[in-house]
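Q: I would like to learn how to read contacts between side chains and strands in a model of this kind. Could you take me through them one feature at a time?

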Amino acid sequence: MDFNVKKLASDAGLFFTRAVQFTEEKLGQAEKTELDAHFENLLARADSTKNWTEKIFRQTEVLLQPNPIDNTGARIEEFLYEKLDRKIPSRATNGELLGQYMLEAANEFGPGTPYGSTLVKVGESQRRLGGAEREFMQSTAINFLTPLRNFLEGDWRTISKERRLLENLRLDLDVCKARLKKAKTAEAKAAADHELRVAQTEFDRQAELTRLLLEGISSTHVNHLRCLHEFVEAQATYYAQCHQYMQDLQKQLGSANGEVFPTAFVNTNPTPVPGGSSPSSAATLPVQPSPSPLDTGALSIEEVQPPATGTRKAKVLYDYDAADTSELSLLADELITVYTVPGMDPDWLVGERGNQKGKVPVTYLELLS
């Protein structure tokens, strides 16, 4: 008990002298041992590395899990599994869940119906997209987030601990320097000089240890560089998979749409020109479709007959001047009847206004239901 009390009193006294020294330094009333410029640069680089690593780590977590509030339960579960040193169970991604719901809906509506069969195609693609996302998240967590976390929770904590110890020893050293200056008698000077030598030795030893740890930041940069390359490779693979899946889905839907909808009716809402129906310059006009939409040698525009079903009303968005006699000139805001015929370019429709008939560009129309 006596030993503990003495140690407590000694620690309290040491803390008090350090606090006094620190305060006097801040007030400009005491000298402070300065570190060399190289050491200061190492400290600045270490602080910068820690700060940016922390920001990159947090933002990567947001990238992988964009709604942390909605996933609070999942985060708590992951935390518990990590503390228990157990493998975190695989969890379905939002894409996989969406695909599952679409497939279930298709079964209820009937996979043989146009809507049901499309739900099956889109649902399967969403599940593949979700699977690719899960693989990307797992790869990034292992190859990118884990090394960053290990630095923040391992190396950086060690560096911070040794820096705090170095600062304490630096305060002890400056206290000894001040004590030597204030010594009057030869005996007091000798005692103060001995304490200064001991403090200087301990400070130098700790400074060398801290310097070695700070110089290790270069190795940290090399390791993080390798991890960054792996992150980019995983991300590129993920986006390439998504692109391929969507291209495959578009091909499937494109072939199916030809059986359900006329191809010229796919884009029904072209963007209107701001500020009115009459464009003021060529930059605001829609892109002109390619010419020669019909094989005029096989069928002239006068011979085209409207189908029994499939005609629609369309509102003209912009004025259009016919390029030849096979086309129909248009006035903005007028209503015309349109339809398509086999072999016709999907950028064009056949338009009728009273007794007038001619080809009209789809991008100049808003198809009405």
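The dialogue below goes through strands, rings, charges and surface in turn.

Q: What kind of model is this, and how are its residues numbered?
A: This is a predicted model, in which local features need pLDDT of at least 70 and side-chain atom pairs count only at pLDDT 80 or more, while totals for chains, interfaces and linings use all residues. Residues are numbered from 1 along each chain as its sequence is written, and side-chain values use heavy atoms, with hydrogens and water left out.

Q: In which sense do strands E1 and E2 pair, and over how many bridges?
A: Helices (H or I, at least four residues) and strands (E, at least two) are DSSP runs numbered from the N terminus, and two strands pair if DSSP finds at least two bridges between them. Here strand E1 (residues 312-316) pairs with strand E2 (residues 335-339) in the antiparallel sense over 4 bridges, and E2 is also joined by 3 bridges to strand E3 (residues 348-353), again antiparallel. Thr 337 of E2 can be followed in both directions: Thr 337 is the bridge partner of Lys 313, and the partner of Thr 337 in E3 is Glu 352.

Q: How many aromatic pairs does a search of the whole structure find?
A: Rings of Phe, Tyr and Trp (its six-membered ring) pair if their centres lie within 6.5 Å; planes under 30 degrees apart count as stacked, over 60 as edge-to-face and the rest as tilted. By that criterion the search of the whole structure gives 8 aromatic pairs. One of them is stacked, because the rings of Phe 136 and Tyr 238 have centres 5.0 Å apart and planes at 5°. Since Phe 136 lies in helix H5 (residues 114-182) and Tyr 238 in helix H7, this pair ties together parts that are 102 residues apart in sequence.

Q: Are Phe 136 and Tyr 238 buried or exposed?
A: Buried means under 20% relative accessible area, exposed over 50%, and partly exposed in between (1.4 Å probe, protein chains only). Phe 136 has a relative accessible area of 7% and is therefore buried, and Tyr 238, at 14%, counts as buried too. A contrasting geometry is found for Tyr 318 and Tyr 364, an edge-to-face pair with 5.5 Å from centre to centre and 85° between the planes. Tyr 318 is in the loop between E1 and E2, and Tyr 364 in the loop between strand E4 (356-361) and strand E5 (365-367), 46 residues apart, and the pair thus links distant parts of the chain. Both of these tyrosines are buried.

Q: Which residues do ring pairs link into a cluster?
A: The cluster consists of Phe 136, Phe 144, Phe 231, Tyr 238 and Tyr 239. Phe 144 can also be placed relative to His 229, 85 residues away along the chain, as their C-alpha atoms are separated by 9.1 Å. His 229 is found in helix H7 and is exposed, with a relative accessible area of 53%.

Q: Where does the charged end of Arg 128 sit?
A: A charge sits over a ring if NZ of Lys or CZ of Arg is within 6 Å of the ring centre and within 35 degrees of the ring normal. The charged end of Arg 128 sits over the ring of Tyr 245, 5.6 Å from its centre, and Lys 359 lies over the face of Trp 348, at 6.0 Å from the ring centre.

Q: How many salt bridges does the structure hold?
A: Side chains of opposite charge can pair when their charged atoms come close. A salt bridge is a side-chain nitrogen of Lys or Arg within 4 Å of a carboxyl oxygen of Asp or Glu, and the structure holds 12 of them. Among them is the one between Asp 36 and Arg 211, whose closest N and O atoms are 3.1 Å apart. Because Asp 36 lies in the loop between helix H1 (2-26) and helix H2 (37-64) and Arg 211 in helix H6 (residues 186-215), the pair ties together parts that are 175 residues apart in sequence. Asp 36 is partly exposed at 38% relative accessibility, whereas Arg 211 is buried at 19%. Asp 36, Glu 208 and Arg 211 are linked in a network of salt bridges.

Q: What separates Asp 174 and Arg 170 in helix H5?
A: Being 4 residues apart in H5, they are separated by about one helical turn; their salt bridge has its closest N and O atoms 2.7 Å apart, and both residues are buried.
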